[in-house]
Amino acid sequence: MGHKVLLVDDSLFMRNMLRGIFESEGHEIVAEAADGVEAVRKYRDFRPDITTMDIVMPAKNGIEALREIRAIDGNACVIMCSAVGQESLMNAAQQAGASDFILKPFNTERVREVIRRVAGD
Amino acid sequence: MDMSPYRNLFVSESREHLRAFSELIVKLEQGSGSREDMYALFRSAHSLKGMAASMGYGDIAELSHTIEDLLDRVRKEELIFDTGIADLLLEGADLLEVMIADVSTELQTARDTGDLARRLATYRPAAAGGVPEFVADVKSPASYSPSPATGERDSHDDAPQTVRVRTEVLDNLINITGELITNKHRLLTVGKELESAPLDEATVELSRLLRDLHSEIVLVRLIPFAAVADRFPRVVRDLAKKIGKEVVFEVEGKEIELDRGILDELVDPLVHILRNAVDHALETPAEREACGKPSPGKIRLVVRRQKDQVVVVVEDDGRGMDPARLVDLAIEKGLVGPEAGRLMAPGEAFMLTCLPGFSTAREVTGVSGRGVGMDAVRSTIQTLGGNMAIESELGKGSRFILRLPLTIAIINVLLVRLSLIAVAIPVTNVQRTLELKRSLIYKRGRQALFDLDGEQLPLLSLNRILGFPHGDAGELLPLFVCELKGRRVGLVVDSFIGQQEIFVKPLGRPLASMKGLGGGAVLGNGEVVFILDVANLL
């Protein structure tokens, strides 16, 4: 059963890649956001089942956006996307309620694994 | 995973990052950058790294990573953003640009990055200096992304939905619209012959719809000047640095929108004018101080919308040009006769710098240095259906004013008849049309002249220039006034057909290389006309 997904990344390239992977898994991308402010707004509007969240973004970073989303919805499922070497940020994200992590550069198999895990398939 | 579908997007998004990159570096180096600019720079390097790694371009990812690391040190205030860092970053940006170009052409070459990575990784400032300006307004401790101004945040909430469209699609749309307009004129011609009221009605309605369609498509093709503006600070900065001049460079009106075709063509002329301004128009810091000016010269690039035109102005506060000296030089070179030279208004004298062969020479540098390739600049602007003017005041500076239409492919022309054929002249090049009584023509030497608004204008025959026989001229000579080689002249034609919008088609070879021809078009009656590039007729 497909889930509704919100993709958050300031790079269109990254969003397109993730879209490709999610769609190949049978999920539906309901919205995309290019910064943290837009992410929170779109979360409120679309109430996605799964959100992928980049960390380094303009306007509001991914961790702040994660906190706000969790404040709106304590059960929000948010997968953080971060680059190697951002371990301290990952700790912060975990404390803020991140559901899982995907490391950049994306390894398709690993991304699929994480999606299946959070989607409960 | 097959990554090839993502390659084009990778290339275009990387290039966007690199353009922003260069602009931000120059801004930060000049001390006019903010803390947010610093973060934006960091984010660009970071995004580039992530994208390249995802695509499997290890060398691009690695170089971006070293750049990101250096920026991280600046971000954490371990280093101060100085000229040394700016140089290294720009060198890195150049290299990345080449690597991305390789990707776009699917070249599999490994670029030699030399010791750039090492220099980026081990950078030490030459000497401990002051605090850079962007640190001066620190409001929050370092974090990955500081809170933006609230105004910016609000703008997100009602951001319109956008889609990306390939540029070829936009080109096709305007081409098809152009063909439709040509067809409409055909229908109008048929309608006149048939004298059918219902047909006329339908064509009038069609005209209205086509106008709407055209203006919508024009809107779609508009992109803000900002899309190209970020490369200019770099051009100015690099040249100024190379020749030891100080320049404060400002760009105003980046939000003004132009047709993407025009914007693309505008870059080279603007780079040229800006380089000239830095190289020749601005004095050295010492010279400036000697005449009581602030030691950094000022160059402003201002874009603004004026009715259905976009005006681009490049102004400097440099040494300015002396019209008398320019006229003397042009006479010396045989580009104008002494008679014609003496009659020239200052505005015309400045335009002499745009004559082919006016000069690339040293002697001009002593005066102003204008003239290098300015003929190419002017001809590009005119081919775009625009025109150019120069204002200058000795000791105070110069202004280059470019007026451009919002869109190119469909332009308004004056149709005139010469002997057996019709030709079209873009109305932007026509200053006036009039019918002149023969008795008002007088001669000086072999040159026919007439008076207009208290000015003596040479009278030339367009038939003769193009090698056509003269038609039957009556007592009244139809003529239009335009600028030819920097000089206002009257061009006599056989008759006026009228004004019309036409869809410009580029000429193929070998016609494209003929001087004086700016394109072709098909009229409603099927007749093919040439569009004259008046400035390059002689």
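Predicted model: local features only at pLDDT ≥ 70, side-chain atom pairs only at ≥ 80, totals over all residues.

Me: Where do B:Glu287 and B:Arg319 sit in the chain?

Reply: B:Glu287 is in helix H13 (residues 285–290) of chain B, while B:Arg319 is in the loop between strand E5 (309–316) and helix H14 (323–332) of chain B.

Me: Which residues do salt bridges with shared partners join into one network?

Reply: B:Glu29, B:Asp87, B:Asp94, B:Arg234, B:Arg237, B:Asp238 and B:Lys241.

Me: How many salt bridges are there over all chains?

Reply: The search of the whole structure finds 45.

Me: OK, what does B:Asp259 pair with?

Reply: B:Asp259 forms a salt bridge with B:Arg221, the closest N and O atoms being 2.9 Å apart.

Me: What about B:Arg75, who's its partner?

Reply: B:Asp72, with the closest N and O atoms of that salt bridge 2.4 Å apart. Both residues lie in helix H3 (residues 58–75) of chain B, three residues apart, or about one turn of the helix. B:Arg75 has a relative accessible area of 5% and B:Asp72 one of 14%. Buried means under 20%, so each of them qualifies.

Me: Switching topic. How many salt bridges cross between chain A and chain B?

Reply: Zero, by the rule used. There are three residue pairs in polar contact between the two chains, though.

Me: Which helix of chain A gives the most to the side that touches chain B?

Reply: H1(A), with seven residues. Helix H1 (12–24) and helix H2 (36–46) of chain A each supply at least two residues of that side.

Me: How much area do the two chains bury between them?

Reply: About 2,300 Å², with 63% of it on carbon and sulfur atoms. In terms of contacts, 25 residues of chain A touch 25 residues of chain B.

Me: Now chain A itself. Why is strand E4 described as largely enclosed?

Reply: Because six of the six residues of strand E4 (residues 78–83) of chain A are buried. A:Val78, A:Met80 and A:Ser82 point one way from E4(A), and A:Ile79, A:Cys81 and A:Ala83 point the other way.

Me: Which strands does E4(A) pair with?

Reply: Strand E3 (residues 50–54) of chain A runs parallel to E4(A), joined by four bridges. From E3(A), the chain crosses through helix H3 (residues 62–72) of chain A to E4(A), in a right-handed β-α-β crossover. E4(A) also pairs with strand E5 (residues 100–104) of chain A, in the parallel sense over five bridges.

Me: What stands opposite A:Ile79 in those pairings?

Reply: A:Thr52 stands opposite A:Ile79, and in E5(A) the bridge partner of A:Ile79 is A:Asp100.

Me: Last one: what does the side chain of B:Ser461 reach?

Reply: The backbone nitrogen of B:Arg464, at 3.0 Å. B:Ser461 is in strand E13 (residues 455–461) of chain B and counts as buried at 13% relative accessibility.

Terms used
Residues numbered from 1 in each chain as written. Chains lettered and ligands numbered in written order. Heavy atoms only, no water. Buried < 20%, exposed > 50% of the residue type's maximum accessible area, 1.4 Å probe, protein only. Pairing = 2+ DSSP bridges. Right-handed = clockwise from strand over helix to strand, strands pointing away. Contact = heavy atoms within 4.5 Å. Buried area = accessible area lost by both parts, 1.4 Å probe. Salt bridge = Lys/Arg side-chain N within 4 Å of Asp/Glu carboxyl O. Polar contact = N/O pair within 3.5 Å; in protein donor to acceptor, adjacent residues only side chain to side chain.
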